[in-house]
Amino acid sequence: MGSNVPEKYKTLIKDDKRIDGRKLDELRPVKIEVGVIPSASGSAYIEIGNTKVLAAVHGPKEMFPRHMIDEDKAVLNVRYAMLPFSTSDRVRPGPSRRSNEISKVTRHALESVICLEEYPAMGIDLTLDIIQADAGTRATAITAASVALAHAGIPMKGLVAATAIGKINDKLAVDLNGPEDNFGQTDMPIAMISTNKNITLLQMDGDFSKEEFKTALSMAKKAIGPLFEAQKAALRKYYE
Amino acid sequence: MTILYQNKQYIRDNITKKRDDERSNDEFRKITIETGVIGRAEGSARVKIGDTEIIAGIKMDIGKPFPDSPAEGVIMVNSEFSALASPDFENGPPREDSIELSRVVDRGIRESKTLDVEKLCVEEGEKVWMVFIDITIVNHDGNLIDAAGIGAITALLTAQIPKIDKDGTINRDGKFEGALPIRDIPVPITSGLINNTIVTDMNKNETECAEAIFTVATIKNENYCAMQKAGPSEMTDEQMLKISEIAQKESKKIRSAIEAAVKKHKA
């Protein structure tokens, strides 16, 4: 990110309203659809603002590669990818350092809720394709992933949903959009479990004081609530 | 994973009473920081935390800037988990863990704006300094991120920008422009949960027992500049707040050690 901030993004908050008209603690509009990929064991499509993600689960099935088999439990294989046309500059296809790291933290964000021990020696493939990116792609992908896992009928201790808390113009705000992410001061993606609100993913870069970090955690707890509701509503609607 | 099941169980069961090397839960192992260990590098450091040992080296080159920041130098962090450091490491392209380590160290330095990249512009839009921070693990006994982060910033603090000769080539004969423009000293501190107990500076066996791991990088004014949670289990917000407070406290001590090592290097 360059340090040259375009004039129109110098003021990201005016009269407590953000550039897209949201309040500081307001999520972008959320839309979730279940069962969008018939050949998958479970799938989901999600839109959070302008970020759009497809999630598919294949499995539990035979684990491949075989040397990665865990005799005690299933292995969750996560592949997160930004598709080439998802951003203004084309993304080179194939794994990058960024996508490798995000795949790893996403796996950790979901592993603790999935009853992997129900399927020893098997593999569960989770593919997350970002078809349009406007900040918060990993958070959106995680929110979609747990819906797809639930749709696949894989037993879980709860749903996982994620959002980001950021700092823009020195104020904390929920669910950053593209310009807020690019020209803001801090970004903290965070994922929580629906049942106990414990944290399964947290990354932060930028600048937070001790108090800001504390506030950000409690803001996240509050903001993620509606995401769990949206996940549950989408699943309920599918089975009606 | 090379740790025996029995050892894992032992560490988990006993962690609330004592650690296998008798440290208290928030106590670091002995840290040593050496500077100027690689003469060919523009800056370098060797860091030991207990038996963990890493070498960080800075190399600089002239390159083209990124189109969205035509007047800014470029930072790149890369790490090598060489097969010499542990039976768990295999040769070949970087894997998940080494990519994560590089990216967490990178974010600590980048997001704290430690390196004044605007001062690394040679010719706007055409030529800027590219600062490569390469970290190699010499021996793996846990807490690689903290060792790498300490090594990277120490190497940066001791690095010298090479002189550019009249014909535009970089002088590699030991002629320098001066030190790199460094504004802060970010220090990452990693703690984990073992049997739901918070443990700082985990050795390799402890790391393999950890359910969840949380790294927090702190800058001079005690604010946080980068965080990363890893490991398959969840953490409560109280645990994260506690770990970030430990990071504030421990990073202060380590920052003084870095400053002392750099002062000695420059004397």
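## Helix packing in chain B

In this predicted model, helix α3(B) meets helix α5(B) through B:Ile150, B:Ile153, B:Thr154, B:Leu157 and B:Thr158, which face B:Ile254, B:Ile258, B:Ala261, B:Val262 and B:His265 of α5(B). Seven of the residues in this contact are nonpolar and three are polar, with no charged residue taking part. The two helices, α3 (residues 144–158) and α5(B), pack at an angle of about 35°, and their axes are 10 Å apart. The crossing of α3(B) and α5(B) is right-handed.

B:Asn143 counts as buried because it has 27 C-beta neighbours inside 10 Å, the threshold for burial being 20 or more.

Strands of both chains form an open sheet of eight strands, in the order β9(A)-β8(A)-β10(A)-β11(A)-β12(B)-β11(B)-β9(B)-β10(B), with antiparallel pairing. The edges are β9 (171–174) of chain A and β10 (197–200) of chain B; each has a single partner strand, so one side of each is left without a neighbour in the sheet. From one strand to the next, the twist averages 20°.

The chains join in this sheet where β11 (residues 199–208) of chain A runs antiparallel to β12 (residues 224–230) of chain B, with four bridges between the two strands. Within this pairing, A:Gln203 has B:Gln228 in β12(B) as its bridge partner.

Helix α5 (residues 237–266) of chain B lies across β11 of chain A and across β9 (187–194), β10, β11 (212–218) and β12 of chain B. Its direction is at about 140° to that of β9(B).

## The contact between the chains

Chain B brings 27 residues to the contact and chain A brings 26 residues. On the side of chain B that touches chain A, the elements giving two or more residues are α2 (96–111), β12 and α5 of chain B. Of these, β12(B) gives the most, with seven residues. By class, this side of chain B has ten nonpolar, seven polar and ten charged residues.

Helix α2(B), one of these elements, is largely enclosed by the rest of the structure, because 13 of its 16 residues are buried. At 1.5 Å a residue, the 16 residues of α2(B) should span 22 Å, and the end C-alpha atoms are 22 Å apart, which agrees. After α2(B) comes B:Lys113, whose phi is positive, near 50°.

## The five-stranded sheet of chain A

Chain A also has an open sheet of five strands, in the order β3-β4-β5-β7-β6, with mixed pairing. Strands β3 (30–34) and β6 of chain A stand at the edges, and each pairs on one side only. On average, neighbouring strands of this sheet are turned by 15° against each other, direction ignored.

Seven bridges join β4 (residues 42–48) of chain A to β5(A), and the two strands run antiparallel. A:Ser43 has A:Ala56 in β5(A) as its bridge partner. Helix α1(A) lies across β6 and β7 (122–132) of chain A and runs at about 135° to β6(A).

## Backbone exceptions in chain A

Most residues other than glycine have a negative phi, and most peptide bonds are trans. Two peptide bonds of chain A are cis. The bond from A:Gly59 to A:Pro60 is cis, with omega near 5°, and A:Pro60 is found in strand β5 (residues 51–62) of chain A. A cis peptide bond also joins A:Phe64 and A:Pro65, with omega about 0°; A:Pro65 lies in the loop between β5 and β6 (75–82) of chain A.

A:Asp15 is not a glycine, yet it has a positive phi of about 50°. A:Asp15 is found in the loop between β1 (13–14) and β2 (17–18) of chain A. A:Asp15 counts as exposed because it has 4 C-beta neighbours inside 10 Å, where 12 or fewer is the limit for exposure.

Technical notes
Residues are numbered from 1 along each chain as its sequence is written. Chains are lettered from A and ligands numbered from 1 in the order in which they are written. This is a predicted model: local features need pLDDT of at least 70, side-chain atom pairs count only at pLDDT 80 or more; totals for chains, interfaces and linings use all residues. Two strands pair if DSSP finds at least two bridges between them. Axes are lines fitted to C-alpha atoms, for helices over the stretch in contact, and angles run from 0 to 180 degrees between N-to-C directions. Two residues are in contact if their C-beta atoms, placed from the backbone, lie within 7 Å. Ala, Val, Leu, Ile, Met, Phe, Trp, Tyr, Cys and Pro count as nonpolar, Asp, Glu, Lys and Arg as charged, and the others, Gly among them, as polar. A crossing is left-handed if the near helix is turned anticlockwise from the far one by less than a right angle, and right-handed if clockwise. The expected span of a helix is 1.5 Å times one less than its number of residues.
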